[in-house]
Amino acid sequence: MLQSCGTVDDLNTVMETWQEVLDALCERVKQSSSIARFMASKSCEDNVKFCLRSDIIKPRLEQWLDVLCSSRHRKFWEKASELRSEGNIYFNKKRYDKAVELYTQSILSAPFPESPDSVGHSEELSLGFANRSAAFFRCGKYQEALYDVAYAFELGYPQHMHYKLYLRKGQCQLRLGENNDARNSFNLAAKFLRRAVLDQAKMDQHIKEIEKFKKACDTPFVPERTLSSEPNEHVPTDISCGWHKELPSCTSSVDMLYSTEKGRFIVANTDIFPGEALFIEKPYASALLRPFSKSHCHHCHKELANAIPCTQCNQVRYCTFGCAKASWTEYHRWECGNLDLLYSIGVAHLAFRIILVTGLPNLIAYFQSIQCCDSSAKSHSYHAVYELVSHFEKVHIEDSLQYSLTAALLWLLLDRVSFFSLQETSSRLGKMNINGEHNSSHSSSAELPNLNGIKTAVGGLMLRHILQLVCNAHAITSLESKTVEDDDVVMTTEQVRIATAIFPSASLMNHSCNPNIISGFVNGDTLVVRAVSAIKAGEEVFNCYGPHYRKMPFAERQQVLREQYFFKCTCDACQKGDEPEQMLQALKCEYCEGPLRQPDESGKSECVTCGTTQDCLDREQKVFRMHDLYVQGVQLAEKGNHVEALHRLSKCLRCREKVMYKHNIKLLEARDMVARCLSSLSDFRSACKVLRPALDVVKEIYGENSIELGHELMKMSDIVVNAIPQAHKEEASCGEIKDLVKEAQSVIDKAEHIFVLHYGRTHKAVQELGDKRTAISQVVGY
């Protein structure tokens with residue numbers, strides 16, 4: 001079933017979701033006589049035709065378009081001015097982060113100077129950038145402030161106030177250690193000050209201020225450590241084996257093979273060592289998820305610092321004007337103002353974008369080359385996407401109808417935004433073989449002698465891509481850090497899905513619940529696939545499609561893979577059945593402390609290690625009671641009552657240690673929460689003691705190079721680094737302090753090794769660990 005993204009949250013009235021529309025339409029179609037015609041359809045193209053010709057379906061789809069595709073997202077200088085004034089209020093209250101967000105909203109709402117909507121107020125956009133530069137400056141984000149100063153100048157900042165921007169620019173440069181550039185900026189500030197309309201007292205005050213800063217430029221200055229965002233991550237270039245001659249974005253250490261049983265798959269042609277890059281691939285197309293539309297670039301998906309607006313709408317944010325231009329050229333000119341609808345349809349948004357990114361002229365050219373048996377078709381970038389498996393024949397009839405309805409909706413949107421009326425395509429119209437469900441042999445299909453035929457075929461392609469994405473879409477993730485409470489020192493990190501993309505080459509890897517690769521991202525959307533374990537020549541390279549053997553029970557994994565990907569997994573992890581996961585839930589043997597098997601109906605259980613049978617009823621009852629205590633502790637911690645939470649969680653942990661096997665995931669869970677509470681109470685020394693045993697257990701469960709261990713080590717590094725000054729303050733022994741310093745260095749080194757192995761040396765987690773190492777080295781005497 002197609003997953004939608006819920007309601008459109010910026011509409012004034014409560015409305016149904018796209019999933020509810022789909023369910024209602026499917027029910028009406030199933031109750032009508034026309035359902036037999038749909039079930040008889042043999043191609044993607046026929047399915048979409050059915051929807052567009054149905055008196056039941058088409059009017060409802062057009063109504064949905066009317067509701068969600070409107071001009072609500074136009075720019076108005078009045079709104080921009082109002083938001084900027086509100087930002088000024090927070091700026092004066094020294095709430096600079098809030099001011100930055102309001103100034104950003106003002107920038108998004110302001111018409112560009114050349115727009116008819118800006119007549120009489122063409123300076124509004126530049127004022128937003130100028131004000132945001134001031135807020136960035138007060139936050140210590142000097143590089144971001146410089147970017148906004150440059151944008152303000154470019155967008156027509158009033159000349160009589162130029163001296164303000166040059167003065168701010170010089171101060172930023174001075175704090176960044178760029179003394180010569182700062183001196184030039186202060187000279188320009190003095191020059192433009194003469195053109196300002198100021199009374200003599202203010203003029204003299206500014207002249208004196210400028211002279212003071214110019215003198216400061218003569219003094220050697222140590223650059224301040226700013227809070228600016230990290231520089232761009234470099235794509236790995238240490239590809240010693242070179243690039244593959246036939247597989248795009250793939251190194252020469254692997255090859256693609258084909259079998260009737262597996263289809264296409266990837267194998268190593270030489271011994272591959274952990275950490276080696278196998279794929280480095282930009283997405284053919286990608287779509288940012290709505291929850292991250294304010295924090296990440298709409299085009300490249302980098303985390304935003306200086307958000308840049310679209311020239312036409314206020315819905316999207318970019319990291320640079322370069323991304324804004326590329327987005328407009330490739331797809332946003334069609335999506336502009338229509339994102340409410342596109343966000344509502346889930347992964348199908350990406351299918352729509354695949355069509356836009358490819359472009360109608362390229363679609364025509366691609367299928368013309370196929371008809372002419374031109375071998376150049378295989379070298380076309382779209383070919384790799386088109387050939388991805390869709391499982392058209394295997395999809396359940398109701399799911400197929402829902403996917404077809406969504407494809408028809410998107411076809412109507414293409415028609416509404418005039419995607420099919422491009423003059424550039426007219427010279428390429430002619431006889432073409434194009435069918436929404438071609439197989440690899442490209443057998444006979446309908447001829448398309450005119451634009452109407454092409455439009456119909458694109459509907460089939462839209463459905464084809466939706467079906468492909470169900471089993472080929474790839475999550476783009478970002479490593480996000482967060483704390484339980486605002487005043488917590490200990491950070492937790494996790495990979496969060498921020499966008500959905502299609503990577504045609506990387507999609508060739510088959511699935512294993514215990515993969516031998518890891519996927520990471522640099523510069524927002526660039527996928528880097530690395531080996532996470534040794535892969536011998538001739539062995540297959542395996543990805544994980546989501547159901548990982550350490551994160552999902554065996555039976556659930558099998559069900560997900562069967563229902564979504566239409567195969568039964570027989571990987572090494574699945575051949576072991578549910579035995580490994582039982583160890584994560586096992587009670588402790590009272591004789592050898594080994595794991596007990598799942599108790600039978602009488603409450604008896606056998607020890608896996610020593611084979612003794614013992615009664616577990618009493619221990620199971622204690623586990624249930626401690627679960628309630630754990631939940632109470634978590635709820636208290638969430639409310640900020642860490643003292644009382646610690647009391648309950650500590651009691652829970654002591655009990656679990658007595659009855660649970662050391663690898664029981666619930667035992668790890670209790671340790672983690674106790675350590676968090678202790679850290680929130682600034683008792684990092686005690687938190688270290690609680691969390692240390694967890695490291696060995698996580699290593700045993702997930703592996704010594706697992707990212708799970710990396711995250712646990714990252715958390716431990718926060719605690720140990722903070723335990724050192726606590727030990728100093730509480731006059732702990734020199735021996736304990738030295739041990740803490742050594743432990744911190746060891747934990748940081750191990751975490752760094754894992755994150756470099758998985759994501760490369762430029763990943764922000766590696767940089768954070770480097771900062772911690774620097775902090776440790778500054779501890780006097782150690």
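Where is the place of Ser 249? Ser 249 is in the loop between α11 (200-216) and β1 (254-259). The model is predicted: local features need pLDDT of at least 70, side-chain atom pairs count only at pLDDT 80 or more, and totals for chains, interfaces and linings use all residues. Residues are numbered from 1 along each chain as its sequence is written, and side-chain values use heavy atoms, with hydrogens and water left out.

Ser 249 is not a glycine, yet its phi is positive, at about 65°. Its relative accessible area is 26%, so Ser 249 is partly exposed. The cut-offs are these: buried means under 20% relative accessible area, exposed means over 50%, and partly exposed lies in between (1.4 Å probe, protein chains only). Ser 418 also has a positive phi, near 65°, in a residue other than glycine. Look for Ser 418 in the loop between α17 (397-416) and α18 (451-472). With a relative accessible area of 38%, Ser 418 is partly exposed.

Now the whole chain. The protein has 28 helices and 14 strands. Both kinds of element are DSSP runs numbered from the N terminus: helices are H or I with at least four residues, strands are E with at least two. Of the 782 residues, 53% count as buried. Take the contacts between residues at least 6 apart in sequence: 67% of these join residues at least 24 apart. Contact here means heavy atoms within 4.5 Å.

Two annotated spans come from UniProt. Its positions are given in the numbering used here, feature names are shortened, and annotations may be inferred rather than shown by experiment. In the model, residues 80-113 are 79% helix and 0% strand, and the end C-alpha atoms lie 13 Å apart. The feature "domain: MYND-type", also from an unreviewed entry, is placed at residues 297-336. Residues 297-336 are 38% helix and 10% strand, with end C-alpha atoms 15 Å apart.

Is Arg 60 buried or exposed? Arg 60 counts as buried, because its relative accessibility is 19%. Arg 60 sits in helix α4 (residues 57-68). Not counting residues up to four places away in sequence, Arg 60 touches Glu 16, Val 21 and Leu 25.

Asn 705 lies in the loop between α25 (684-702) and α26 (707-729). At 22% relative accessibility, Asn 705 counts as partly exposed. Leaving aside neighbours within four places in sequence, Asn 705 is in contact with Val 532, His 753, Ile 754, Leu 757 and His 758. Asn 705 and Ser 533 are 172 residues apart in sequence, but their C-alpha atoms are 8.2 Å apart in space.

Two packed helices are described by the angle between their axes and the distance between the axes. Axes are lines fitted to C-alpha atoms, for helices over the stretch in contact, and angles run from 0 to 180 degrees between N-to-C directions.

Start with α22 (residues 617-638) and α23 (residues 642-659). They pack at about 155°, with axes 8 Å apart. That angle makes α22 roughly antiparallel to α23. Angles under 35 degrees count as roughly parallel, over 145 as roughly antiparallel, 65 to 115 as roughly perpendicular and the rest as oblique. The contact of α22 with α23 divides into 12 nonpolar, four polar and six charged residues. Here Ala, Val, Leu, Ile, Met, Phe, Trp, Tyr, Cys and Pro count as nonpolar, Asp, Glu, Lys and Arg as charged, and the others, Gly among them, as polar.

Move to α23 and α24. Their axes come within 9 Å and cross at roughly 150°. That makes α23 roughly antiparallel to α24. The residues in contact include Leu 649 and Leu 653 of α23, and Met 673 and Val 674 of α24. This contact holds 10 nonpolar, three polar and five charged residues.

The last pair is α22 and α24 (residues 665-680). The axes come within 11 Å and cross at roughly 30°. That makes α22 roughly parallel to α24. Tyr 630, Val 634 and Ala 637 of α22 meet Glu 669, Ala 670, Met 673 and Cys 677 of α24. The residues divide into six nonpolar, no polar and one charged.
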